[in-house]
Structures are given as C-alpha cells and as structure tokens.
Amino acid sequence: MHGAPAYVLPTDRLETQFADKYPPYTLSQALAEANRCLYCFDAPCISACPTAIDIPTFIKRIANGSVRGAATTILDANLLGASCARVCPVEVLCEGACVYNTWGRVPIAIGRLQRYATEHGAASVNFTRNPPTGRTVGLVGCGPASLACAGRLALLGHGTVIYEAAEWPGGLNTTGIAPYKMPADDVLREVEYIRAFGVEIRTGIEIGRDVSAQELLEQHDAVFLGPGLGADSLAGVPGNNGPGVIGAVEWIRRMKTDPTLSLGSVRHAVVVGGGNTAIDAVRELSQLGVSDVKLVYRRGESQMRAYRHEWEAAKKEGGVLVPNAVIREVVRDHDGLKAVALVATEDGKPTTRALGTFPVDLVVVAIGQSRLRALVESFPDVACDERGHIVADAETGATGNPRVFAGGDARNGGKEVVDAVAEGQRAARSIDALLKQLDADGGADA
Ligand code: SF4
C-alpha cells in the first residue's frame, strides 16, 4: 500500500490525535508470532473467517520469509485484506477460533500478522488482469462491498464505475472506523490500491439527483447496489433538535474527516445506545480527553449488543454505564445545551421514575441508522423488506431484477466490514456469470 493517494484528507483533524491500538509488527516480531502457529489441518480459524482466508498458509509464508506470498494468499481471498486485518473483530472471528484458546493460551495474533503481510507485501502482489471484455458495471456506494466487487470485476476485465454520494470514497471504512484501529488515511491508500486495478470512482454523485437508476441501467450491463445505510436516527431522543445533539455516525465522520470539528470545552458527554457504534463513540470521546463520558442504555449491561471486549476496554478508559435509562428531556437555556434528565426503564420502555439531571455539553446518539429504501426501490423490480433491507440472495447477491445485484450493510442490515467484502466478492462472481451469459446469448446489450 504505497504511493500517494488521489484522495488526501486535511492534516488537522481530531482523528490524528489517536495512537495505533496495536503498533505494527517488526520483522522479528512477525517471525516469532508466525512460528507459534501450528498450521492446523482443518484449521478452525479459516472457517471463522467470512472470506475464508487460508490463514495457516499465509502465516507459513511469513515464517518462510515470503511476505509477498503471504499477501497473495490473503488478497486472493479478500481484496480488502489490509483493512480487514485492522478492523475485523478478530476476538470473535479467526483469533476467537484459534486452537490455542482451547488450552487457555493466547491465540495467534492473526490480525497483526495479516497487517504485517499486507503492509509489506501487497504492493508486490502480481494480480492477473484479464483483457477488457467491453462490458461495464455501475456500482452504487463506495464502501467495502462495492470496492471488493469492483476490484474483482476489474481483474476479470470488466469496466467498473463506482458512484459515491459522499466527498470521500471508502464508505464507513473511511468515515466510521475507530481511529485507533485504522485511520482514514490508510483506508484511502487501500482505495487507491483497488482503483489501480482500473476501477473508476466518481464521488459527489447521488443517485436520483445526479444520475437516475434508469440511466445507470442504460449505461451499464449490470448494477451492484452497495450504498450502505442512511443517516443516524435521532428519533426517541426528546429535544434532539439543536446544537450539541448529534448522531454517532455523523459525529465519528466529522471527527475523522472534518478539520473544523473541535471538542472545545466539552467536559461532559452522554452517548445513547448499546451497540458497537455507541461503544466506539464512548472510547473515542474518552481518548480525546473528555473526563465524563456516560453511556445511557435502555436495557441492562448483559443485554448490550456491543462486543464484550470493546465494552470492557471502554470501561477501563473511563466510560460509565447508566443502564436501564433513557433521556426524558434535553435541557437547554439561551447559552445552549445544559443537561439531560433521565428516567428509568422497564423492559427497555421509559417509566416515570426520575433518575436525576446530569450536566452535559455533548449528546451523541447511536440508536441506529435509517434505510435507503427510496434509492433502492428506484431500480425496477428491486425491493426492500419490512426492515428496509434490500431483498437479495445472500450467496449470489441477486435481486428481483436480473441485472441488479446487492450486498453489504444495505442488504444485511449492518454487519462487519469483512461480511460486506465477502458479499461484494460473491456478487462479482454472479455478475461475471451474467456478463458471460450475455456474450453467449449473442452480445445482447443493456
Ligand atoms: Fe494457526 Fe491457530 Fe489457525 Fe491453528 S487455529 S492454524 S494455530 S492460527
């Protein structure tokens, strides 16, 4: 992942204040860790990886001194292996499945080894790129699902154009990953890596405003929908209109990309929610020096959807849980946000029992994101289910329209980056088969 990226973020962002959670391995550290691996037959770590990376093989290649070989093994299975190395919840995926756990021993640091291999070896991997087929695919959204799909299709010789509404490519990888796991600059380098396969990226292009679904279907032989999710939901937080109350995805996006965002005199912050985005916001605020960070969650600690290890880390960094509580009122005066009044909940529902009023300078709401139903359903014969998720086959990405495929958060409702990559890559196989079929049928054009 070397070379200057086409997309360069300003330097003076809050994100730049964070240190790496796990500093990169040196050569000797990587060799020592690689030599701990038992290269298990039927390795459980492979089964635990949504992209089925051949983990023992890439680790063996590191141990044998072939970092390019290691990177080739990783990227053959997962084109976004560099970011997955850093953002995957390895504790519950590959490392959680490592046989060392069964003996009460520390599992192999697969994520850190994968980072070592991709950082040192990806630039020298020789991908075979098929001759141009003359077919093109339009992809909606430039997150991990579309990038993985477009990268595979480009290597197969198909033309690919990604349409992204935001200013920056990369989707939530760029704007939503906790900066101590992976800063946006590194994500943009990975985007550049995929772009170098011949993928065209057009940012600032909104479907329905700048180009219609019909036009995409006319301009391309097939379309992949990977738009992710919509804006933060603030519903259910009384007094949410006004300065000082912001959705978590939006706050994290600004913290990572917007040099005008400052924490100023923020001392007291309340985060609302119990999922991983809420925990990320708690950890980020604590690490940025906010001394009082409360997590207000409508259920109990054991019911939080967030990964346990992330919440345990958040507590160590200063986050305090206010369980079984919701905001009854956001208190403001002429100077702005002052406090939140909390009431107790029962079974997640608010009661009238007051829990007190707490001073607050910032409220970050992480209770979910809207769905992009209108965008999705502007494509003929493509539908969303009652939850707003695109109706598409999990294995093939096929929708009700034979020329439209889908994957990533918009289809699965919001899972891990590696799940989006897996879905994007599977959809690429389906799209490639469709395009070959079109050729076999006599070159029928869109
Ligand atoms: Fe190596 Fe652990 Fe995977 Fe076995 S389960 S191959 S020891 S990483």
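Is Tyr180 buried or exposed? That is where I'd like to start, everyone. Tyr180 has a relative accessible area of 2%, so Tyr180 is buried. Buried here means under 20% relative accessible area, exposed means over 50%, and partly exposed is in between, with a 1.4 Å probe and protein chains only.

A word on what we are looking at. This is a predicted model, where local features need pLDDT of at least 70 and side-chain atom pairs count only at pLDDT 80 or more, while totals for chains, interfaces and linings use all residues. Residues are numbered from 1 along each chain as its sequence is written, and side-chain values use heavy atoms, leaving out hydrogens and water.

Now to the aromatic rings. Two rings are described by the distance of their centres and the angle of their planes. Rings of Phe, Tyr and Trp (its six-membered ring) pair if their centres lie within 6.5 Å; planes under 30 degrees apart are stacked, over 60 edge-to-face, and the rest tilted. Searching the whole structure gives five aromatic pairs. In one of them, Phe18 and Tyr180 have ring centres 6.2 Å apart and planes at 45°, so this pair is tilted. Phe18 sits in the segment before α1 (27–34) and Tyr180 in the loop between α9 (172–175) and α10 (184–195), so the pair ties together parts that are 162 residues apart in sequence. The helices (H or I, at least four residues) and strands (E, at least two) are DSSP runs, numbered from the N terminus. Phe18 is buried too, at 13% relative accessibility.

Next, Phe127 and Phe197. Their ring centres are 5.0 Å apart and their planes at 65°, so we call this pair edge-to-face. Phe127 is in the loop between α7 (110–121) and β1 (136–140), and Phe197 in the loop between α10 and β3 (199–203), 70 residues apart. Phe127 is partly exposed at 22% relative accessibility, whereas Phe197 is buried at 9%. Together with Tyr193, these two form one aromatic cluster.

Let's move to the helices. Which residues of α3 (residues 55–63) are buried? They are Ile55, Pro56, Phe58, Ile59 and Ile62. Seen down the axis of α3, they fall within an arc of 165°, so they line one face of the helix. The arc is taken from the directions between the helix axis and the C-beta atoms. The cover over these residues includes α1, α2 (44–47), α4 (67–77), α6 (94–97) and α7, where contact means heavy atoms within 4.5 Å. In α1, the buried residues are Ala30, Glu33 and Ala34. They cover an arc of only 100° around the axis, which puts them on the same side of α1. They pack against α3 and α7.

And the ligand? Around the ligand we find Cys37, Leu38, Tyr39, Cys40, Ala43, Pro44, Cys45, Pro56, Cys98, Val99, Ile108 and Ile110; near means that a heavy atom of the residue lies within 4 Å. This shell divides into 12 nonpolar, no polar and no charged residues. Nonpolar covers Ala, Val, Leu, Ile, Met, Phe, Trp, Tyr, Cys and Pro; charged covers Asp, Glu, Lys and Arg; the others, Gly among them, are polar.

Last, some backbone. Most residues other than glycine have a negative phi. Asp42, in the loop between α1 and α2, has a positive phi near 55°, and Asp42 is exposed at 65% relative accessibility. Thanks, everyone!
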